[in-house]
Amino acid sequence: MPTSHPTPAPAPAPGAAAPVEPSVRAALRSPRLLRTEVLAGLVVALALIPEAISFSIIAGVDPRVGLFASFTMAVAISFLGGRPAMISAATGAVALVIAPVMRDHGYDYLIATVILGGLVQVVLASAGVARLMRFIPRSVMVGFVNALAILILEAQVDHLVDVPWLVYPMVAVGIAVIVGFPRVNSVVPAPLVAIVALTAFTLVGSFDVPDVGDEGRLPDSLPSWFVPDVPFTLDTLETIAPYALAMAVVGLLESLLTAKLVDDITDTPSDKTREAWGQGTANLVTGFFGGMGGCAMIGQTMINVKVSGARTRISTFLAGVLLLVLVVGFGDVVALIPMAALVAVMVMVSVGTFDWHSVRPRTLRRMPRSETAVMVATVVVTVATHNLAIGVVVGVLVAMTLFARRVAHLTATERTLVEDEHGAATAVYRVTGELFFASSNDLPTQFDYAHDPGRVVIDLADAHVWDASTVAALDAITTKYERRGTAVEIVGLDAASAERHRRLSGRLAAH
């Protein structure tokens, strides 16, 4: 499987048409495209079942709660989302956030939290939170992808411990099929072939190996409308609001990062604001159908987009519908699928998701150490906390800190003495660089207050004043000179710097 590289797609050559995704209408009219979308949806639906059950266990709810959430999230986002072919369902990140609500307050409060979390996501989308995505550096994105690959692989370990020996060769065969089958036939998704082949092998041989049925009882009825029975009071809001806010932020961050990743893989843009709004609305729908909420699923999205080649909303819609059909209508058959087959699929998803180029020795030698540090920090924190959102936030903070430190060292102060025709001396300080809190804090120490003549000029023609910290530093310099009877003149400010200095100078000291 080819590896993914979450780097911005190159701009099309002049006169060349930008890549265009097939529309739903075009896919419905093309048997080849429709077949790809249908088979992709089927593979994703099969892969969603054990994941949804596992996340239900994490959240402390019945497996049907996670399965119904995966159905409603996938179907709703297929209509409402801004990134075609992306899969949304019940996720581990959301399960971890809302698990304490279920443990301490019960199921009704959990559903109320999901509904409120959806409302918060809609509000955040309306406020333009999706635009903040541009502040996430590439190194954080690379770390996010690599950490995700590690977490996907780590999640398979539980299915490989204390199991019959036959599981290991079955996983190996499944991987071999996924790698080799595309060379024989590229029409049918290789993961589907692996699942069918290993299931048939298990049934024919009557082998006793762990299967989907061992993960939890599958539902035998359709989801129905559900309104949580909680008091509509301020106390209830205070109880669920912190969890709802955390769920909203975690869900949006994972979804928007996943959308950006799919953009890069497909070389096509997506509407991030619509995606954020769609995630919130999908969680509202999910809550009122008794689901545990969710967000974009990166592993299943990779199966859909990268492994199976889906590109439209049809695959997302069918993933949800086929999931419900499989667990409700064919639950007895689905329960017989060996976990070894699904482990093989997810192992190859992990291998294909990891950005191997980012860890090659040649890449590491060329990459600035700060960029590598940001990537490593993102990976380490994400893997340690099992929370992609925390890892990304830490990565962004590390990137900001290292950037500020690097830029701070790019400032310089040069002192020269100038005499006029009457022999009067003037000390001219030429300051260059970007002046903000990190670079301007030690600016007052760069001046020779005791030995400068009676007139000092601070030339900022090659500098820019970015914040109040710099204005305060300039005020401190001026005050120190004035106490010695030295006249100070600040010259060379560009328009923005001059306006900031005029507005803040003399108004920042404590009174």
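pLDDT is the predictor's confidence in each residue, from 0 to 100. I start there because this is a predicted model: local features need pLDDT of at least 70, side-chain atom pairs count only at pLDDT 80 or more, and totals for chains, interfaces and linings use all residues. Residues are numbered from 1 along each chain as its sequence is written, and side-chain values use heavy atoms, with hydrogens and water left out.

The protein chain has an average pLDDT of 88, and 95% of the residues score at least 70. Over residues 1-17 the pLDDT is below 50, and this stretch has 35 contacts in the model beyond near neighbours in sequence. Contact here means heavy atoms within 4.5 Å.

Now the overall picture. There are 20 helices and six strands in the protein chain. These are DSSP runs, numbered from the N terminus, with helices being H or I of at least four residues and strands being E of at least two. The C-alpha trace spans about 105 × 60 × 50 Å along its principal axes. The protein chain has 511 residues, and 51% of them count as buried. Buried means under 20% relative accessible area, exposed means over 50%, and partly exposed is in between, with a 1.4 Å probe and protein chains only.

The accessible surface of the protein chain is about 23400 Å², and 63% of that belongs to carbon and sulfur atoms. Areas come from the Shrake-Rupley method with a 1.4 Å probe; for residues, only the protein chains shown count as cover. As for contacts with a separation of 6 or more, 84% are between residues 24 or more positions apart.

Next, the interior. A nonpolar core is a set of buried Ala, Val, Leu, Ile, Met, Phe, Trp, Tyr and Cys residues joined through side-chain atoms within 4.5 Å. Which residues touch the most other members of the largest core? Of its 106 residues, they are Ile49, Leu110, Ile136 and Met292. Helix H2, residues 31-59, supplies the largest share of this core, twelve residues. A second, separate core has 17 residues, including Tyr449, Leu460, Val471 and Leu474.

Take isoleucine 136 as an example. Leaving aside neighbours within four places in sequence, isoleucine 136 is in contact with Met141, Leu253, Leu257, Val392 and Val396. Threonine 281 counts as buried because its relative accessibility is 17%. With neighbours within four places set aside, threonine 281 is in contact with Leu80 and Val122.

On to charges. Side chains of opposite charge can pair when their charged atoms come close. The criterion for a salt bridge is a side-chain nitrogen of Lys or Arg within 4 Å of a carboxyl oxygen of Asp or Glu. How many does a search of the whole structure find? It finds nine salt bridges.

I will go through three. In one, the side chains of arginine 103 and aspartate 104 meet at 3.2 Å, N to O. Arginine 103 is exposed at 61% relative accessibility, and aspartate 104 is partly exposed at 45%.

Another joins aspartate 264 and lysine 260, at 3.9 Å, N to O. Both residues lie in helix H9, residues 234-266, four residues apart, about one turn of the helix. Aspartate 264 is buried, with a relative accessible area of 12%, while lysine 260 counts as partly exposed at 23%.

Then there is glutamate 489 with arginine 455, whose closest N and O atoms are 2.6 Å apart. Glutamate 489 lies in strand E6, residues 487-491, and arginine 455 in strand E5, so the pair ties together parts that are 34 residues apart in sequence. Glutamate 489 is partly exposed at 36%, as is arginine 455 at 37%.

Val325, Phe330 and Val333 make a nonpolar surface patch of about 270 Å². Patches are made of residues with over 30% relative accessible area and no salt bridge; like charges are joined within 9 Å, and nonpolar side chains (Val, Leu, Ile, Met, Phe, Trp, Tyr) within 5 Å. Valine 325 sits in helix H12, residues 313-329, and counts as partly exposed because its relative accessibility is 37%.

Threonine 445 is in the loop between helix H18 (437-440) and strand E5 (455-465). Is threonine 445 buried or exposed? Threonine 445 is exposed, with a relative accessible area of 61%. From threonine 445 to isoleucine 477 is 32 residues in sequence and 8.7 Å in space, C-alpha to C-alpha.
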